[in-house]
Amino acid sequence: MSRFREDRMWEGLGLQVFLMCLGAVLCSAVAASAPLEHSHRRRLSLHRHRERTGKEGQVLHRSKRGWVWNQFFVIEEYTGPDPVLVGRLHSDVDAGDGNCKYILSGEGAGTIFVIDDKTGNIHATKTLDREEQAQYTLTAQAVDRATNKPLEPPSEFIVKVQDINDNPPEFLHGPYYARVPEMSNVGTSVMQVTATDADDPTYGNSARLVYSILQGQPYFSVEPQTGIIRTALPNMDREARQEYDVVIQAKDMGGHMGGLSGTTEVKITLTDVNDNPPKFPQSVYSMSVSEDKVSGEEVGRLKAKDPDLGENGLVSYRFIEGDGMTVFEITTDTDTREGVIKLRKPVDFETKRAYTLRVEASNTHVDPRFIAWGPYKDTATVKVMVEDADEPPAFLATSYSFEVEENAHDGTVVGRVHAKDTDVANNPVRYMIPRYTDVEQFFSVGPEDGIIKTTRPLDRETLPWHNISVSATEIGGHHQDTKVRVNIKVKDMNDNAPEFATQNEILVCENASPGKLIETVSAVDKDEMAHRQYFHFSIAPEAVNNHNFSLKDNRDSTASIYVTRRGFSRMTQDVYFLPIEINDNGIPPMSSTNTLTIRVCSCDSKDTILSCNVEPYILPAGLSTGALIAILACIVILLAIVVLFVALRRQKKEPLIVFEEEDIRENIITYDDEGGGEEDTEAFDIATLQNPDGANGFLPRKDIKKDRWY
């Protein structure tokens with residue numbers, strides 16, 4: 001690259017030297033012809049001036065200047081030993097005697113451009129660069145050397161810097177980066193690059209650029225006039241090569257020899273399309289799984305390779321056939337793009353030892369442009385071997401349910417559980433009941449046969465169900481055990497007599513009329529009520545002849561109590577006790593006698609109960625206020641008399657109570673023995689001393705009165 005640029009640089013310098021020599025010759029010719037042209041125009045101007053001023057003071061026409069300036073040209077970048085002659089100024093008023101002085105002013109006057117004030121020759125003292133300034137505007141004037149008075153009006157002229165091809169093309173935005181899809185058709189546009197040339201585009205071919213590709217063939221090409229880069233080969237594969245470094249050249253002078261050039265780099269990346277189907281690296285995969293694995297555990301992985309990127313390389317997996325489609329499942333790991341095979345349900349080595357599956361891998365996104373390149377899928381065979389594991393014994397049932405009679409004697413057989421070793425060894429099994437499931441140890445199990453028995457009679461009314469567990473342990477293995485649930489129902493026996501549902505007292509009015517219903521009673525039984533079972537009610541035999549109350553069995557497990565006589569009196573008897581016998585119709589039948597308490601109450605005419613307590617007849621109800629005041633006054637008078645009497649007795653210093661003159665002494669017996677504890681208490685019967693009647697064995701009770709039953 002550097003050598004190529006060096007060759008082009010020397011070609012450009014040679015062309016510059018040639019053009020500069022040619023420009024010097026042209027300038028000399030222009031400078032030589034300029035005074036003649038100006039002199040001719042000056043003479044023409046003076047002749048016309050004389051015609052316009054035929055009479056003194058009379059002006060016929062507007063006076064024109066003695067020179068008319070054209071543009072001067074100077075070649076840029078001239079590096080000769082002497083200043084470059086730009087041109088020559090001359091006026092007809094200059095007689096050549098040295099009295100005419102030429103003055104130059106304007107852009108660059110005195111620094112870039114200098115004038116010989118005698119001859120009017122203008123020289124450029126510095127090298128000019130058109131790209132810095134393309135032209136200069138100057139003003140020329142002829143004045144009298146002695147007086148500095150203008151001999152001619154000032155006149156402007158332009159010095160143009162003539163362009164040479166001294167600037168190579170430049171790519172201002174390089175290096176460039178572009179992307180194009182792989183497998184693109186020939187001629188697909190990649191991008192456009194543009195170079196700039198600082199030379200004058202209106203003069204010659206210095207800024208006429210032509211583009212060419214120096215590096216990147218045969219994959220890419222560039223349009224010479226526009227700089228558009230296009231693909232040049234079909235079916236460029238990203239998977240084979242993804243990046244290309246392309247070098248583009250821009251050359252001026254229309255691309256001809258001697259022109260200057262510039263280059264830039266373009267990095268072109270092929271983007272991915274889905275042009276590759278997934279492919280399994282092997283046709284058969286072997287995996288294994290232990291029979292003690294649970295559902296959801298991973299069995300193995302496999303991966304179909306797809307060189308495409310992003311969504312073009314996404315692969316999904318599924319089972320399409322095989323004898324393990326219901327036992328295994330396959331999912332896709334989104335991070336690794338692997339197919340993950342997992343257990344759907346546990347496997348059993350003793351039942352089936354191998355499974356065969358057919359797995360399909362397919363792209364989830366298919367490009368319709370390349371559908372004909374398909375199919376975008378691949379298949380492989382997966383063989384899964386089941387490994388044997390030392391498993392605990394297995395019960396033949398997931399749970400057991402048994403029944404046992406209530407009150408059955410201890411040792412009664414409830415049922416049998418059975419477990420066996422599922423391994424090939426088929427070791428014997430030992431049974432036991434974990435104590436935490438049968439805390440009170442109602443049951444036992446045979447360690448070898450699994451027969452469950454009772455250890456004591458069971459009461460259904462205390463605990464109708466027993467939920468225990470039985471454990472089976474493999475003998476000679478790794479002592480693994482398994483448990484099974486055993487539900488034992490205690491069957492009911494008719495071993496509980498019925499009784500009243502409630503024990504509330506029944507209230508009856510004193511004025512209740514015969515035949516009045518006072519209560520409907522019901523019964524309950526702790527035993528289970530069988531279908532069509534009911535309770536039968538009757539008055540106990542000892543009270544069947546009472547004349548106060550009667551009973552009617554309603555044959556629906558209830559009974560009605562009626563009044564059979566008129567006129568009850570609380571003062572005579574306030575409570576009645578009615579014994580009732582209740583029978584069930586179970587097998588065997590059970591009966592019990594329950595006492596119904598009936599209390600007599602005071603009621604109004606509407607049978608509304610007013611009071612059920614016995615009222616003492618001490619004072620008439622409703623004492624008046626005057627009577628109460630009289631009673632209180634009497635009490636106060638009595639208290640006053642007592643106080644007066646006490647005061648008088650104290651003044652006489654007489655005792656309030658006169659005792660008989662008895663010599664009252666205390667018999668004190670002292671002894672030096674310690675207490676004998678129970679011996680002292682047994683020495684004297686305190687109760688006998690306090691109650692002499694008790695010495696004869698008769699101790700009457702005063703807290704019990706004789707009850708009347710009916």
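Strand S8 (residues 176-181) and strand S14 run parallel and are joined by six bridges, where strands are DSSP runs of E with at least two residues, numbered from the N terminus, and two strands are taken to pair if DSSP finds at least two bridges between them. Within this pairing, Arg179 has Thr269 of S14 as its bridge partner. Strand S13 (residues 243-251) is also joined to S14, here by nine bridges and in the antiparallel sense, and Val247 stands opposite Glu265 in S14. Strand S14 (residues 261-271) is largely enclosed by the rest of the structure, because nine of its eleven residues are buried; buried denotes under 20% relative accessible area, exposed over 50%, and partly exposed the range in between, with a 1.4 Å probe and protein chains only.

The model is a predicted one, in which local features require pLDDT of at least 70 and side-chain atom pairs count only at pLDDT 80 or more, whereas totals for chains, interfaces and linings use all residues. Residues are numbered from 1 along each chain as its sequence is written, and side-chain values use heavy atoms, with hydrogens and water left out.

An open sheet is formed by three strands in the order S24-S28-S27, with antiparallel pairing. Strand S24 (413-416) and strand S27 (443-445) stand at the edges and have a single partner strand each, so that one side of each is left without a neighbour in the sheet. From one strand to the next, the twist averages 20°. The pairing of S24 with strand S28 (residues 451-454) is antiparallel and extends over three bridges, and Gly415 stands opposite Ile452 in S28.

Across the whole structure, 15 aromatic pairs were found, a pair being two rings of Phe, Tyr or Trp (its six-membered ring) whose centres lie within 6.5 Å, with planes under 30 degrees apart counted as stacked, over 60 as edge-to-face and the rest as tilted. Phe395 and Tyr400 form an edge-to-face pair, at 6.4 Å centre to centre and with 75° between the planes. Phe395 is buried, with a relative accessible area of 14%, and Tyr400 is likewise buried, at 11%. Phe568 and Tyr576 also form an edge-to-face pair, at 5.5 Å centre to centre and with 80° between the planes, and both Phe568 and Tyr576 are buried.

Terms used: Helices (H or I, at least four residues) and strands (E, at least two) are DSSP runs, numbered from the N terminus. Axes are lines fitted to C-alpha atoms, for helices over the stretch in contact, and angles run from 0 to 180 degrees between N-to-C directions.
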